[in-house]
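Biologist: I would like to learn how to read a model like this one. Could you take me through it feature by feature?

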Amino acid sequence: MADEALSAGAVARRLGVAVTTLRTWHQRYGLGPSQHVPGHHRRYTPADLARLEIMRRLTAEGVNPAEAARWARQAPDPVSARAPRSVRSTTARAGGGATIPVRRAGPVARGLARAAMRMDAEVISETIARSIATDGVVDTWDRLLRPVLVGIGERHAATAALIEVEHLISRCVSAAFAAVVAGCPAPAGQPPRILLSCADEEQHSLPLEALAAALAEVGVNHRMLGARVPVTALLDAIDRTGPAAVVIWSHTRATGDPAQLSALLGAPRRPLLVIAAGPGWPADSLPAGVVHPGGLAEAVTLAVAVRDSLDRSAAS
């Protein structure tokens, strides 16, 4: 075991995170090194590393770090994540990895997870559409879709499987959100007030699509630029359209460079509000004047506040 244990620096390099991040996960969430040799620094065992891999994966998927840590600590037999593929495949066939964990989500989420495992696109789409019609976009995202998407991410982190499942359900989710936007046209003559963009090199646009659908649902007109928008292109879009607020989404720390936000704040046509959405932004070092919402509902509230403020100004 001593030969397999790793230093904090080695673990940080494997995970692609900073050593300070590992310290934070250790101090705040108890995901620290467990091997202790007297007279030496504690070192990370394979089980420690497997839990940290789950933690990194879930936080990258947008899960609150405290919640991600809870799931990582509860992960059954985390060392199996490092087993040979043949072993993992046998476990899945035996029932150990053939389900998507949705934790405390309700029966609808469990049904969606089963449909995803069957790759039943029709049932997936029907379930999502029914939930949106009944509960709205925000509740559907928070209570139905995120638990299932996070569960898929957790299972992938533990087994390296389910990529095809993730792609299928993501496509169904994206289509459902696009249908909401198409079915909620903006009021005639009202220019888009909110500009939605992913950060430079950020490819995970699904949460931004959820925000677009939620804004359409409450009548807030917006423009969607989508994934991988360079800062120069975003500044050009701001200059051309003059949005009141810009939402820039970052899914991982690799794309959450605060310099992008500073560029927006220094733009000639600076928006009234710059919203840094997503877990990729370092919340403790954002430029002054940038708002960092805690989730989809808060981002929608901010956008509605901008619209209402502009409406009041126009009426006065």
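Modeller: Happy to. Helices (H or I, at least four residues) and strands (E, at least two) are DSSP runs, numbered from the N terminus. By that rule the chain has 12 helices and 5 strands. This is a predicted model, where local features need pLDDT of at least 70 and side-chain atom pairs count only at pLDDT 80 or more, while totals for chains, interfaces and linings use all residues. Residues are numbered from 1 along each chain as its sequence is written, and side-chain values use heavy atoms, with hydrogens and water left out.

Biologist: What is the mean pLDDT of the chain?

Modeller: pLDDT is the predictor's confidence in each residue, from 0 to 100. Here the mean is 85, and 88% of the residues reach 70 or more. Over residues 77-97, however, pLDDT is below 50; beyond near neighbours in sequence, this stretch has 28 contacts in the model, a contact being heavy atoms within 4.5 Å. Where pLDDT is low, the predicted coordinates should not be read in detail.

Biologist: And which share of the residues in the chain is buried?

Modeller: Buried means under 20% relative accessible area, exposed over 50%, and partly exposed in between (1.4 Å probe, protein chains only). Of the 316 residues, 48% are buried. As for contacts between residues at least 6 apart in sequence, 70% join residues at least 24 apart.

Biologist: Which residues of helix 10 are buried?

Modeller: Helix 10 covers residues 231-241, and Leu234, Ala237 and Ile238 are its buried residues. Seen down the helix axis, they fall within an arc of 100°, so they line one face of helix 10; the arc is that of the directions from the helix axis to the C-beta atoms. These buried residues pack against strand 1 (194-198), strand 2 (222-226), strand 3 and helix 11 (258-265). Thr232 and Arg240 are exposed on the other side of helix 10. Just after the helix comes Gly242, with a positive phi of about 55°.

Biologist: Where is Met119 found?

Modeller: Met119 sits in the loop between helix 6 (107-118) and helix 7. Its phi is near 55°, a positive value in a residue other than glycine, and at 39% relative accessibility Met119 is partly exposed. Arg228, in the loop between strand 2 and helix 10, also is not a glycine, yet has a positive phi of about 50°. Arg228 is partly exposed, with a relative accessible area of 44%.

Biologist: Is Glu154 buried or exposed?

Modeller: Glu154 belongs to helix 7, and its relative accessibility is 6%, so Glu154 counts as buried. Leaving aside neighbours within four places in sequence, Glu154 is in contact with Ile54, Leu58, Trp71, Pro101 and Arg103.

Biologist: Last topic: what volume does the largest pocket have?

Modeller: On a 1 Å grid over the protein atoms alone, a pocket is an open set of points where a 1.4 Å probe fits, with protein on both sides within 12 Å along at least five of seven lines; lining residues have an atom within 4 Å of a point. The volume, meaning the space filled by probe spheres set on the points, is about 1300 Å³ for the largest pocket. Of its 45 lining residues, Thr59, Pro65, Arg253, Pro279 and Gly280 are the closest to its centre. Helix 2 gives the largest share of the lining, 6 residues.
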